[in-house]
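Load the model and keep the selection panel open. This tour goes stop by stop.

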Amino acid sequence: MANSVNISIEAPIENQIQEITYDGQEIYQAPLSMSENLARLAQKIDFSKTEDEFCNIKKEGESTSETKSEDESKEPGYQSSLWPWDSVRNKLKNALTEVCVLADVLSIAKEKRYMVLDPIQAEPVDSRPMVQVYGRKKALGAAGAVLLAGVERLRASETMRMTRNMPDFHIDLLRLRQNWRLKKVSNTIVGDLSYRTAGSKFSQTGVFEVTKAPEEQIAQAMSMNASGPAPSALRVTVPPELQGVAFISVLCQKEQEDVVTATLSSSALNCPGTLPGDGAELHWQQKLEAAQNVLFCKELFARLAAEAVQLDATIPHMVVGNQIMATVLPGIQLLIGLCHNNGQNTSNANPEGVKTEGSSGKSDHDHVLEHSLHQLLRAVHHNNTHHPFPHPATGPLGPSKRRSLAGPMAADRYELLEMSKEQSLLEQIIQQAQHFFMRRRSEYVLDTIAKEVKDPLIVSHWNALNSPTQSCVKINIMAYGYDAVCRTSLVVHVGEKTLKCICRDGKVRHLSYELQELRDLIYCQIYQHQMTAVQAVGRCMGWQLLASSAHLGSGPVEPLANASTCLLASPTGDRMIAIRCEPSVGIQVFIAQSPRKDFFASELVQDKKWENLGGAFKEIKLEKMEGKNFLNKMELLMACLSSPS
């Protein structure tokens with residue numbers, strides 16, 4: 001034991017080597033399964049051997065077994081045959097014998113040479129026709145009794161309906177089926193309010209039950225409302241979570257110090273507690289439409305809440321209860337809430353989803369954005385069921401036309417990623433809210449400037465055909481009575497967070513959401529228009545433009561834009577008008593004449609030709625001149641200075 005040596009024992013290779021790769025790796029054949037091994041052994045069976053040969057094999061096996069040791073011969077027991085497939089062969093052979101016999105019998109019966117098979121008449125069975133007649137009579141009587149009972153019920157119901165002028169249940173059911181999906185489950189009639197057939201994937205079901213209203217209730221309703229419409233014979237049962245009134249409230253307001261207090265006001269939103277009807281039983285059509293609207297609003301709010309949680313915004317969106325708060329622009333919030341009132345909690349609590357705020361007393365609910373939310377969700381439903389047709393027709397169903405053309409057009413990775421991007425409903429409604437505020441701010445700026453500036457006139461033309469996130473306004477600056485002489489036009493494209501202004505000279509200026517930038521641009525355009533219009537009036541009056549500068553470098557620095565000036569000379573050249581325009585000060589007009597009246601010859605300047613240089617410029621007080629506007633005053637001034645007197 002002290003000199004023991006470790007010996008490694010390896011199992012013999014039971015599987016054959018199938019292939020040896022170039023690197024010396026051996027690939028073995030997989031071992032046979034039980035079914036494959038059985039098939040391999042069955043192929044070795046020799047069915048041509050007879051029983052005599054098999055008996056000889058058994059005798060040889062017995063003789064060899066006798067030559068064994070005495071201990072083994074003395075042991076009693078069953079000695080199995082040497083061939084394990086003996087039973088299988090015997091059964092197959094017996095089956096072959098039976099098939100051969102059956103084939104012989106069929107050939108004999110078919111050829112009819114040696115044997116004829118005649119049918120054997122069976123023993124007549126005692127028939128009792130009266131028992132069958134009585135049984136059939138009893139069965140027909142039972143069926144007739146059921147039919148007569150149904151006829152009597154229908155006759156009684158029709159008689160009562162005719163006498164009392166009761167509504168017909170089946171006619172109302174037919175009308176209900178024309179507008180709503182119905183099916184019969186066991187003995188009840190159920191319907192579906194959901195938008196699943198329209199493409200909705202909302203998990204909440206909208207199943208309602210249809211039953212027949214009691215006749216006593218119908219008669220009572222008819223007696224109470226004799227002059228009104230006849231009550232319905234149907235009673236529609238809607239789930240409790242779909243009862244009442246619901247709508248999506250969209251409110252835009254300024255940010256408050258406490259974000260939690262920025263909630264919706266029940267008084268401002270005017271959420272009704274019950275449907276119109278003053279407690280009377282509603283018609284089934286109104287009831288189902290209201291329940292379907294509740295389901296639609298819940299689906300819309302659930303989708304918006306999920307998107308608000310998933311979106312990665314600069315200022316995170318907040319979902320508190322039945323309210324979503326999102327930042328539209330700095331200092332402005334968008335509040336989206338689900339207002340649902342089922343009329344069950346009106347004692348001392350607010351309706352479900354309706355918060356209270358004591359400071360708000362005016363309704364700021366935006367119906368346009370609410371309608372946009374509904375349209376966006378319906379567009380999602382439409383896209384879920386209406387896929388673009390493949391081009392060619394054998395192509396896959398689902399990819400859009402742009403994605404189908406991405407391969408032939410060799411689109412790169414960036415273009416493919418742009419195709420796969422889709423905006424969520426919350427992002428789209430935030431963009432629409434941003435554009436709404438930018439449009440309202442632009443309107444406020446233009447209206448304010450039009451009120452403040454009387455000369456020249458500012459006319460704004462808003463384009464009637466706009467997209468939800470893009471609108472256009474054309475601004476015309478002109479003077480009253482001189483619109484044919486000079487008119488300055490500029491176009492402002494209002495986007496989501498920016499403004500794009502295209503001026504008269506073709507320059508494009510991009511502005512932010514700040515109001516002051518648009519205001520400064522309009523004022524600059526106004527003073528540029530005044531300078532251009534004066535020059536146009538001077539040309540009409542025959543005056544000559546001597547100099548003009550839109551960016552004057554002399555004088556104090558202007559806080560807004562640059563000062564501009566122009567110099568005009570009369571047709572005879574003896575009068576000059578200098579106009580200086582400063583956005584912060586206004587317009588100043590100076591005149592000068594030649595020859596100078598204060599010119600006297602001296603020892604240095606003795607020639608009188610120097611008196612034609614003109615005298616010093618004198619400022620004119622425009623506010624004391626006659627004229628409707630600045631251009632009218634300048635026209636009168638030019639006319640006076642052009643006269644020879």
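What share of the contacts in the chain with a separation of 6 or more comes from residues 24 or more positions apart? The share is 59%. Keep in mind that this is a predicted model.

**The whole chain**

Start with everything shown. The chain has 15 helices and 20 strands. Of its 645 residues, 31% are buried.

**Stop one: F208**

Select residues 207–212. This is strand β5, and F208 is found in it. F208 has 1% relative accessibility, so it counts as buried. F208 and V238 are 30 residues apart in sequence, yet their C-alpha atoms are 4.9 Å apart in space. Which other residues touch F208, leaving aside neighbours within four places in sequence? Its contacts include W180, R181, L182, I189, V190, G191, D192 and L193. V236, T237 and L288 are also among them.

**Stop two: the α9 and α10 crossing**

Select 284–310 for helix α9 and 367–385 for helix α10. Their axes come within 11 Å and cross at roughly 85°. That makes α9 roughly perpendicular to α10. Show side chains at the crossing. From α9, the contact takes in N293, F296, C297, E299, L300, R303 and L304. From α10, it takes in L373, H374, L377, R378, V380 and H381. By class, the contact has 7 nonpolar, 3 polar and 3 charged residues.

Select 323–329, strand β9. Buried or exposed? In β9, 7 of the 7 residues are buried, so the strand is largely enclosed by the rest of the structure.

β8 and β9 pair in the antiparallel sense over 3 bridges. The bridge partner of V319 is I324 in β9. The two strands form a hairpin with 2 residues between them. Click on G321 in the turn: its phi is positive, about 65°.

β9 and β10 run antiparallel and are joined by 6 bridges. Here M325 has L335 of β10 as its bridge partner. This hairpin also has 2 residues between the strands, and G331 takes a positive phi near 90°.

**Stop four: the five-stranded sheet**

Move on to an open sheet of 5 strands. In what order do the strands lie? The order is β11-β12-β13-β14-β15, with antiparallel pairing. Select 457–462 for β11 and 508–511 for β15: these strands stand at the edges. Each has a single partner strand, so one side of each is left without a neighbour in the sheet. On average, neighbouring strands are turned by 20° against each other, direction ignored.

Zoom in on β14, residues 499–502. β14 and β15 pair in the antiparallel sense over 4 bridges.

Finish with 515–541, helix α14. Which strands does α14 lie across? They are β11, β12, β13, β14 and β15, and α14 runs at about 35° to β12.

Terms used
Residues numbered from 1 in each chain as written. Predicted model: local features only at pLDDT ≥ 70, side-chain atom pairs only at ≥ 80, totals over all residues. Heavy atoms only, no water. Axes fitted to C-alpha atoms, helices over the stretch in contact; angles between N-to-C directions. Parallel < 35°, antiparallel > 145°, perpendicular 65-115°, else oblique. Contact = heavy atoms within 4.5 Å. Nonpolar A, V, L, I, M, F, W, Y, C, P; charged D, E, K, R; others polar. Pairing = 2+ DSSP bridges. Buried < 20%, exposed > 50% of the residue type's maximum accessible area, 1.4 Å probe, protein only.
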